[in-house]
Amino acid sequence: MSSDDFIVTPWHVEGEIDYDKLIKRFGTEKISNQLLDRIEKITGELHFMLRRGIFFSHRDMNFILNEYEKGNKFFLYTGRGPSGHTHIGHLVPWVFAKWLQDKFGTNMYFQLTDDEKFYSKQNLSLEDTKKFALENALDFIALGFKPEKTKIIIDSDNINTLYPIAAKVAKKINFSNTKAVFGFSNETNIGMIFYTAMQSAPCFIEDKPVLIPLGVDQDPHFRLTRDVAPKIGKLKPALIHNIMIPALQGPGGKMSASDENGTVYTTDTPEIVKKKIIKYAFSGGRPDIEEHRNKGGNPDIDVSFQYLRIFFEPDDNKLKQIYEDYKSGKMLTGELKSILIEKINGFLSVHQEKREKAKDQLDKFLLDNS
Ligand code: TRP
(Lines give C-alpha, C1' and ligand atoms only; values in the text may rest on other atoms or scores of the structure.)
Protein backbone atom coordinates (compact mmCIF):
# COMPACT_ATOMS: atom_id res chain seq x y z
CA MET A 1 0.00 0.00 0.00
CA SER A 2 1.59 3.31 -1.04
CA SER A 3 1.31 6.35 1.24
CA ASP A 4 -1.57 7.95 -0.68
CA ASP A 5 -3.47 4.69 -0.92
CA PHE A 6 -6.24 3.30 1.26
CA ILE A 7 -8.29 0.15 1.79
CA VAL A 8 -12.06 0.02 2.33
CA THR A 9 -13.78 -3.34 2.76
CA PRO A 10 -16.47 -4.46 5.24
CA TRP A 11 -13.84 -6.04 7.48
CA HIS A 12 -10.87 -3.77 6.98
CA VAL A 13 -10.50 -0.01 6.62
CA GLU A 14 -7.02 1.49 6.44
CA GLY A 15 -5.32 4.69 5.36
CA GLU A 16 -6.67 8.12 4.57
CA ILE A 17 -9.68 7.72 2.36
CA ASP A 18 -10.05 9.87 -0.75
CA TYR A 19 -13.82 9.76 -1.20
CA ASP A 20 -13.82 10.90 -4.82
CA LYS A 21 -11.40 8.11 -5.64
CA LEU A 22 -13.52 5.67 -3.66
CA ILE A 23 -16.62 6.61 -5.69
CA LYS A 24 -14.68 5.76 -8.86
CA ARG A 25 -13.24 2.58 -7.40
CA PHE A 26 -16.64 1.30 -6.19
CA GLY A 27 -18.56 2.62 -9.19
CA THR A 28 -21.11 4.55 -7.12
CA GLU A 29 -22.47 8.04 -7.83
CA LYS A 30 -21.62 11.21 -5.99
CA ILE A 31 -24.65 12.93 -4.44
CA SER A 32 -25.11 15.92 -6.76
CA ASN A 33 -26.65 19.28 -5.91
CA GLN A 34 -29.46 18.36 -8.23
CA LEU A 35 -30.23 15.24 -6.17
CA LEU A 36 -30.06 17.29 -2.97
CA ASP A 37 -32.58 19.76 -4.43
CA ARG A 38 -34.84 16.92 -5.34
CA ILE A 39 -34.72 15.42 -1.85
CA GLU A 40 -35.33 18.84 -0.32
CA LYS A 41 -38.38 19.40 -2.50
CA ILE A 42 -39.96 16.20 -1.27
CA THR A 43 -38.95 16.34 2.40
CA GLY A 44 -39.19 20.10 2.94
CA GLU A 45 -35.69 20.32 4.45
CA LEU A 46 -32.28 18.78 4.08
CA HIS A 47 -30.85 16.82 6.95
CA PHE A 48 -27.52 18.36 8.00
CA MET A 49 -25.76 15.11 7.13
CA LEU A 50 -26.85 15.66 3.52
CA ARG A 51 -25.99 19.36 3.56
CA ARG A 52 -22.49 18.60 4.84
CA GLY A 53 -21.69 15.63 2.64
CA ILE A 54 -21.61 13.14 5.53
CA PHE A 55 -23.81 11.17 3.15
CA PHE A 56 -21.84 11.66 -0.05
CA SER A 57 -22.58 8.83 -2.45
CA HIS A 58 -25.46 6.65 -3.63
CA ARG A 59 -26.76 4.01 -6.00
CA ASP A 60 -30.18 4.46 -7.58
CA MET A 61 -31.53 7.20 -5.30
CA ASN A 62 -33.36 8.68 -8.29
CA PHE A 63 -35.13 5.39 -8.88
CA ILE A 64 -36.33 5.42 -5.24
CA LEU A 65 -37.61 8.98 -5.56
CA ASN A 66 -39.27 8.26 -8.92
CA GLU A 67 -41.13 5.34 -7.39
CA TYR A 68 -42.06 7.38 -4.34
CA GLU A 69 -43.51 10.13 -6.51
CA LYS A 70 -45.56 7.55 -8.36
CA GLY A 71 -47.01 6.51 -5.03
CA ASN A 72 -44.90 3.35 -4.64
CA LYS A 73 -43.49 3.39 -1.16
CA PHE A 74 -40.06 1.98 -0.55
CA PHE A 75 -38.85 0.50 2.70
CA LEU A 76 -35.62 1.12 4.65
CA TYR A 77 -33.03 -1.39 5.74
CA THR A 78 -29.75 -1.08 7.63
CA GLY A 79 -27.82 -3.15 10.12
CA ARG A 80 -25.05 -3.63 12.59
CA GLY A 81 -22.48 -6.32 13.22
CA PRO A 82 -22.66 -6.75 17.01
CA SER A 83 -18.98 -7.08 17.89
CA GLY A 84 -19.13 -4.82 20.95
CA HIS A 85 -20.99 -1.97 22.57
CA THR A 86 -22.44 0.72 20.33
CA HIS A 87 -20.24 3.75 19.75
CA ILE A 88 -21.28 7.14 18.54
CA GLY A 89 -20.03 6.47 14.98
CA HIS A 90 -22.61 3.71 14.61
CA LEU A 91 -25.40 6.15 15.26
CA VAL A 92 -24.72 8.15 12.08
CA PRO A 93 -26.64 5.99 9.57
CA TRP A 94 -29.29 5.14 12.18
CA VAL A 95 -30.09 8.77 12.98
CA PHE A 96 -30.31 9.45 9.27
CA ALA A 97 -32.54 6.40 8.75
CA LYS A 98 -34.86 7.69 11.49
CA TRP A 99 -35.13 11.00 9.62
CA LEU A 100 -35.94 9.13 6.39
CA GLN A 101 -38.58 7.08 8.17
CA ASP A 102 -40.24 10.25 9.46
CA LYS A 103 -40.07 12.08 6.14
CA PHE A 104 -41.17 9.24 3.88
CA GLY A 105 -43.37 7.28 6.31
CA THR A 106 -41.60 4.02 5.52
CA ASN A 107 -41.18 0.64 7.15
CA MET A 108 -37.71 -0.02 8.55
CA TYR A 109 -35.74 -3.23 9.09
CA PHE A 110 -32.63 -3.40 11.24
CA GLN A 111 -30.44 -6.50 10.96
CA LEU A 112 -28.14 -7.58 13.79
CA THR A 113 -25.62 -10.01 12.37
CA ASP A 114 -24.50 -12.04 15.37
CA ASP A 115 -23.47 -14.82 12.99
CA GLU A 116 -21.23 -12.50 10.94
CA LYS A 117 -19.27 -11.22 13.93
CA PHE A 118 -18.93 -14.74 15.30
CA TYR A 119 -17.41 -15.80 11.97
CA SER A 120 -15.15 -12.77 11.57
CA LYS A 121 -13.82 -12.29 15.13
CA GLN A 122 -11.54 -14.92 16.61
CA ASN A 123 -12.16 -13.86 20.20
CA LEU A 124 -15.98 -13.75 20.23
CA SER A 125 -18.34 -16.65 20.91
CA LEU A 126 -21.81 -16.79 19.36
CA GLU A 127 -23.17 -16.13 22.86
CA ASP A 128 -21.09 -12.95 23.05
CA THR A 129 -22.28 -11.59 19.72
CA LYS A 130 -25.90 -12.43 20.57
CA LYS A 131 -25.53 -10.54 23.84
CA PHE A 132 -24.11 -7.51 22.02
CA ALA A 133 -26.93 -7.75 19.46
CA LEU A 134 -29.49 -7.21 22.24
CA GLU A 135 -27.39 -4.39 23.70
CA ASN A 136 -27.04 -2.67 20.31
CA ALA A 137 -30.80 -3.04 19.71
CA LEU A 138 -31.42 -0.78 22.72
CA ASP A 139 -29.38 2.04 21.15
CA PHE A 140 -31.27 1.66 17.92
CA ILE A 141 -34.69 1.76 19.62
CA ALA A 142 -33.60 4.73 21.76
CA LEU A 143 -33.34 6.86 18.60
CA GLY A 144 -37.12 6.91 18.34
CA PHE A 145 -38.07 4.59 15.47
CA LYS A 146 -41.81 3.94 15.14
CA PRO A 147 -42.55 0.58 16.78
CA GLU A 148 -45.45 -0.14 14.42
CA LYS A 149 -43.22 0.40 11.37
CA THR A 150 -39.90 -1.02 12.55
CA LYS A 151 -38.57 -4.55 12.94
CA ILE A 152 -35.28 -5.76 14.35
CA ILE A 153 -33.90 -8.95 12.83
CA ILE A 154 -31.34 -11.04 14.72
CA ASP A 155 -29.78 -13.52 12.32
CA SER A 156 -29.54 -16.49 14.67
CA ASP A 157 -33.09 -15.91 15.98
CA ASN A 158 -34.80 -15.08 12.71
CA ILE A 159 -33.21 -17.69 10.49
CA ASN A 160 -36.66 -19.07 9.56
CA THR A 161 -37.47 -15.80 7.85
CA LEU A 162 -34.04 -15.19 6.35
CA TYR A 163 -32.97 -18.61 5.16
CA PRO A 164 -35.38 -19.14 2.25
CA ILE A 165 -34.31 -15.77 0.82
CA ALA A 166 -30.61 -16.26 1.59
CA ALA A 167 -30.69 -19.63 -0.19
CA LYS A 168 -32.01 -18.05 -3.39
CA VAL A 169 -29.28 -15.41 -3.25
CA ALA A 170 -26.53 -17.89 -2.38
CA LYS A 171 -27.28 -20.04 -5.41
CA LYS A 172 -26.43 -17.07 -7.68
CA ILE A 173 -23.10 -16.14 -6.08
CA ASN A 174 -20.12 -18.35 -6.77
CA PHE A 175 -16.86 -18.58 -4.86
CA SER A 176 -14.87 -16.56 -7.38
CA ASN A 177 -17.40 -13.67 -7.13
CA THR A 178 -17.01 -13.34 -3.34
CA LYS A 179 -13.30 -13.98 -3.51
CA ALA A 180 -12.87 -11.13 -5.98
CA VAL A 181 -14.97 -8.75 -3.90
CA PHE A 182 -13.66 -9.57 -0.41
CA GLY A 183 -10.24 -11.11 -1.01
CA PHE A 184 -11.10 -14.44 0.60
CA SER A 185 -8.57 -17.26 0.60
CA ASN A 186 -8.75 -21.02 1.01
CA GLU A 187 -8.29 -20.49 4.76
CA THR A 188 -11.42 -18.30 5.08
CA ASN A 189 -14.15 -20.10 7.01
CA ILE A 190 -17.18 -21.06 4.96
CA GLY A 191 -19.52 -19.04 7.19
CA MET A 192 -17.87 -15.89 5.85
CA ILE A 193 -18.14 -17.12 2.30
CA PHE A 194 -21.91 -17.65 2.68
CA TYR A 195 -22.46 -14.52 4.74
CA THR A 196 -23.25 -12.03 1.94
CA ALA A 197 -26.40 -14.06 1.27
CA MET A 198 -27.50 -13.37 4.87
CA GLN A 199 -26.89 -9.64 4.60
CA SER A 200 -28.74 -9.60 1.27
CA ALA A 201 -31.84 -11.36 2.58
CA PRO A 202 -33.57 -8.35 4.25
CA CYS A 203 -33.40 -6.50 0.88
CA PHE A 204 -36.10 -8.85 -0.35
CA ILE A 205 -38.19 -9.19 2.80
CA GLU A 206 -40.92 -7.01 1.26
CA ASP A 207 -41.83 -6.94 -2.40
CA LYS A 208 -41.06 -3.22 -2.73
CA PRO A 209 -38.03 -1.09 -3.56
CA VAL A 210 -35.56 -0.83 -0.67
CA LEU A 211 -33.24 2.01 0.31
CA ILE A 212 -30.25 1.22 2.51
CA PRO A 213 -28.43 4.00 4.42
CA LEU A 214 -25.01 2.59 5.32
CA GLY A 215 -21.33 3.17 5.92
CA VAL A 216 -19.56 3.02 2.56
CA ASP A 217 -17.45 0.08 3.76
CA GLN A 218 -20.58 -2.10 3.46
CA ASP A 219 -21.09 -1.32 -0.22
CA PRO A 220 -19.25 -4.44 -1.53
CA HIS A 221 -21.92 -6.78 -0.09
CA PHE A 222 -24.68 -4.96 -1.88
CA ARG A 223 -22.75 -4.83 -5.12
CA LEU A 224 -23.16 -8.59 -5.12
CA THR A 225 -26.81 -8.30 -4.03
CA ARG A 226 -27.49 -5.91 -6.90
CA ASP A 227 -25.95 -8.33 -9.40
CA VAL A 228 -28.08 -11.16 -8.05
CA ALA A 229 -31.40 -9.27 -7.78
CA PRO A 230 -32.55 -9.48 -11.44
CA LYS A 231 -31.46 -13.13 -11.59
CA ILE A 232 -33.99 -13.98 -8.87
CA GLY A 233 -36.70 -11.68 -10.22
CA LYS A 234 -36.19 -8.91 -7.64
CA LEU A 235 -35.47 -5.19 -7.68
CA LYS A 236 -31.92 -3.99 -7.06
CA PRO A 237 -31.51 -2.39 -3.62
CA ALA A 238 -30.74 1.35 -3.66
CA LEU A 239 -28.02 2.66 -1.36
CA ILE A 240 -27.00 5.92 0.25
CA HIS A 241 -23.49 5.93 1.74
CA ASN A 242 -21.96 7.81 4.65
CA ILE A 243 -18.25 8.52 5.16
CA MET A 244 -16.31 6.53 7.75
CA ILE A 245 -16.25 8.16 11.18
CA PRO A 246 -12.67 8.82 12.30
CA ALA A 247 -11.31 7.22 15.44
CA LEU A 248 -10.49 9.62 18.28
CA GLN A 249 -6.79 9.23 17.56
CA GLY A 250 -7.25 10.68 14.14
CA PRO A 251 -7.94 10.30 10.48
CA GLY A 252 -7.01 7.12 8.73
CA GLY A 253 -9.24 4.26 9.78
CA LYS A 254 -12.74 4.17 11.20
CA MET A 255 -13.74 3.98 14.82
CA SER A 256 -13.37 0.42 15.90
CA ALA A 257 -15.69 -1.00 18.55
CA SER A 258 -12.82 -3.11 19.85
CA ASP A 259 -10.40 -0.23 20.54
CA GLU A 260 -11.62 1.09 23.90
CA ASN A 261 -9.72 4.36 23.81
CA GLY A 262 -10.37 5.16 20.18
CA THR A 263 -14.08 5.30 20.69
CA VAL A 264 -16.85 6.92 22.71
CA TYR A 265 -19.47 4.34 23.67
CA THR A 266 -23.12 5.20 24.19
CA THR A 267 -22.76 3.75 27.67
CA ASP A 268 -19.80 5.94 28.72
CA THR A 269 -20.17 8.16 31.80
CA PRO A 270 -19.57 11.94 31.58
CA GLU A 271 -16.18 11.49 33.30
CA ILE A 272 -15.05 8.84 30.85
CA VAL A 273 -16.15 10.97 27.89
CA LYS A 274 -14.22 13.92 29.26
CA LYS A 275 -11.11 11.86 29.84
CA LYS A 276 -11.21 10.23 26.40
CA ILE A 277 -11.68 13.50 24.52
CA ILE A 278 -9.02 15.37 26.45
CA LYS A 279 -6.51 12.56 26.31
CA TYR A 280 -7.10 10.95 22.91
CA ALA A 281 -8.98 13.26 20.52
CA PHE A 282 -6.51 14.11 17.77
CA SER A 283 -5.90 17.84 17.68
CA GLY A 284 -5.39 20.18 14.76
CA GLY A 285 -3.89 22.71 17.15
CA ARG A 286 -0.35 24.10 17.33
CA PRO A 287 2.22 22.77 19.81
CA ASP A 288 2.06 25.87 22.03
CA ILE A 289 -0.46 28.59 22.76
CA GLU A 290 1.55 31.41 21.30
CA GLU A 291 2.00 29.69 17.98
CA HIS A 292 -1.67 28.67 17.98
CA ARG A 293 -2.79 32.26 18.57
CA ASN A 294 -0.51 33.47 15.78
CA LYS A 295 -0.99 30.83 13.12
CA GLY A 296 -4.33 29.26 14.09
CA GLY A 297 -5.41 25.61 14.20
CA ASN A 298 -6.56 23.22 11.50
CA PRO A 299 -10.21 22.25 12.01
CA ASP A 300 -10.17 20.02 8.92
CA ILE A 301 -7.95 17.45 10.61
CA ASP A 302 -9.13 18.11 14.18
CA VAL A 303 -11.20 15.16 15.37
CA SER A 304 -13.19 17.20 17.92
CA PHE A 305 -14.25 19.57 15.18
CA GLN A 306 -15.08 16.66 12.89
CA TYR A 307 -17.34 15.09 15.51
CA LEU A 308 -19.21 18.38 15.81
CA ARG A 309 -19.55 18.52 12.03
CA ILE A 310 -20.59 14.90 11.61
CA PHE A 311 -23.00 14.55 14.51
CA PHE A 312 -23.05 16.89 17.48
CA GLU A 313 -23.59 20.41 16.10
CA PRO A 314 -26.49 20.47 13.63
CA ASP A 315 -26.59 24.30 13.59
CA ASP A 316 -24.61 25.47 10.55
CA ASN A 317 -24.02 28.97 11.90
CA LYS A 318 -22.62 27.75 15.19
CA LEU A 319 -20.41 25.26 13.41
CA LYS A 320 -19.10 27.92 11.07
CA GLN A 321 -18.27 30.20 13.99
CA ILE A 322 -16.32 27.42 15.70
CA TYR A 323 -14.52 26.68 12.44
CA GLU A 324 -13.46 30.27 11.97
CA ASP A 325 -12.48 30.84 15.59
CA TYR A 326 -10.35 27.73 15.65
CA LYS A 327 -8.74 28.44 12.30
CA SER A 328 -7.88 32.01 13.25
CA GLY A 329 -6.35 30.98 16.57
CA LYS A 330 -8.97 32.76 18.64
CA MET A 331 -10.21 29.42 19.96
CA LEU A 332 -7.75 27.05 21.64
CA THR A 333 -7.81 23.26 21.45
CA GLY A 334 -8.90 23.00 25.09
CA GLU A 335 -11.87 25.24 24.39
CA LEU A 336 -12.87 23.28 21.33
CA LYS A 337 -12.65 20.05 23.30
CA SER A 338 -14.83 21.51 26.07
CA ILE A 339 -17.53 22.33 23.54
CA LEU A 340 -17.47 18.78 22.22
CA ILE A 341 -17.45 17.20 25.69
CA GLU A 342 -20.50 19.22 26.66
CA LYS A 343 -22.31 18.26 23.46
CA ILE A 344 -21.55 14.56 23.80
CA ASN A 345 -22.53 14.44 27.45
CA GLY A 346 -25.74 16.37 26.77
CA PHE A 347 -26.63 13.92 24.04
CA LEU A 348 -25.70 10.86 26.10
CA SER A 349 -27.65 11.84 29.20
CA VAL A 350 -30.86 11.89 27.12
CA HIS A 351 -29.86 8.86 25.06
CA GLN A 352 -29.03 6.75 28.11
CA GLU A 353 -32.43 7.45 29.62
CA LYS A 354 -34.18 6.42 26.41
CA ARG A 355 -31.94 3.39 26.22
CA GLU A 356 -33.14 2.26 29.66
CA LYS A 357 -36.75 2.67 28.56
CA ALA A 358 -36.00 0.71 25.39
CA LYS A 359 -35.56 -2.43 27.51
CA ASP A 360 -39.33 -2.58 27.95
CA GLN A 361 -39.95 -1.98 24.25
CA LEU A 362 -37.56 -4.61 22.94
CA ASP A 363 -40.23 -7.28 22.48
CA LYS A 364 -42.34 -4.98 20.34
CA PHE A 365 -39.43 -4.43 17.94
CA LEU A 366 -38.01 -7.92 17.58
CA LEU A 367 -39.23 -9.67 14.42
CA ASP A 368 -41.21 -12.71 15.33
CA ASN A 369 -40.77 -15.82 13.27
CA SER A 370 -44.32 -17.05 13.10
N1 TRP B 1 -22.13 -6.08 8.15
C2 TRP B 1 -22.61 -4.94 8.89
C3 TRP B 1 -21.59 -4.56 9.97
O4 TRP B 1 -20.61 -5.20 10.17
C5 TRP B 1 -23.95 -5.18 9.50
C6 TRP B 1 -25.08 -5.09 8.52
C7 TRP B 1 -25.99 -6.06 8.24
C8 TRP B 1 -25.42 -3.95 7.73
N9 TRP B 1 -26.90 -5.62 7.33
C10 TRP B 1 -26.57 -4.33 6.99
C11 TRP B 1 -24.88 -2.67 7.61
C12 TRP B 1 -27.17 -3.44 6.11
C13 TRP B 1 -25.46 -1.80 6.72
C14 TRP B 1 -26.61 -2.18 5.97
O15 TRP B 1 -21.77 -3.60 10.65
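In which helix does W94 lie? Select W94 to begin: this residue lies in helix α5 (residues 91-104). Helices (H or I, at least four residues) and strands (E, at least two) are DSSP runs, numbered from the N terminus.

This is a predicted model, in which local features need pLDDT of at least 70, side-chain atom pairs count only at pLDDT 80 or more, and totals for chains, interfaces and linings use all residues. Residues are numbered from 1 along each chain as its sequence is written, and side-chain values use heavy atoms, with hydrogens and water left out.

**Stop 1: W94 and its rings**

Stay on W94. With a relative accessible area of 1%, W94 is buried (buried means under 20% relative accessible area, exposed over 50%, partly exposed in between, with a 1.4 Å probe and protein chains only).

Now select F110, F140 and F145 along with W94. Ring pairs link these four residues, W94, F110, F140 and F145, into a cluster. Rings of Phe, Tyr and Trp (its six-membered ring) pair if their centres lie within 6.5 Å; planes under 30 degrees apart count as stacked, over 60 as edge-to-face and the rest as tilted. By this rule the model has 21 aromatic pairs.

One of these pairs is Y163 with F194, a tilted pair with 6.3 Å from centre to centre and 40 degrees between the planes. Y163 is in helix α8 (residues 159-170) and F194 is in helix α10 (residues 190-200), so the pair links distant parts of the chain, 31 residues apart. Y163 is partly exposed at 45% relative accessibility, and F194 is partly exposed with a relative accessible area of 28%.

**Stop 2: R25 and its partners**

The side chains of R25 and D5 meet in a salt bridge, 3.0 Å from N to O. A salt bridge is a side-chain nitrogen of Lys or Arg within 4 Å of a carboxyl oxygen of Asp or Glu. R25 is in helix α1 (residues 19-26) and D5 is in the segment before β1 (7-9); the pair links distant parts of the chain, 20 residues apart. R25 is partly exposed at 43% relative accessibility, and D5 is partly exposed as well, with a relative accessible area of 28%.

R25 also lies over the face of F6, at 4.1 Å from the ring centre. A charge sits over a ring if NZ of Lys or CZ of Arg is within 6 Å of the ring centre and within 35 degrees of the ring normal. For another example, select R223 and F26: R223 lies over the face of F26, at 4.6 Å from the ring centre.

**Stop 3**

How many salt bridges does the count come to? The count comes to 23 salt bridges.

Select D219 and R59. Their closest N and O atoms are 2.8 Å apart in a salt bridge. D219 is in helix α11 (residues 219-228) and R59 is in strand β4 (residues 55-59), 160 residues apart, and the pair links distant parts of the chain. D219 is buried at 0% relative accessibility, and R59 is buried at 9%.

Next select D60 and R226. Here the salt bridge has its closest N and O atoms 3.0 Å apart. D60 is in the loop between β4 and α4 (61-69) and R226 is in helix α11, 166 residues apart, so this pair too links distant parts of the chain. Is D60 buried or partly exposed? At 28% relative accessibility D60 counts as partly exposed, whereas R226 at 12% counts as buried.

Keep D60 selected and look at its backbone. Phi of D60 is near 65 degrees, a positive value in a residue other than glycine. Most residues other than glycine have a negative phi.

For a network of salt bridges, select R51, R52 and D316, which are linked in one.

**Stop 4: the far end of the tour**

Select F305. This residue lies in helix α14 (residues 303-312) and is buried at 3% relative accessibility.
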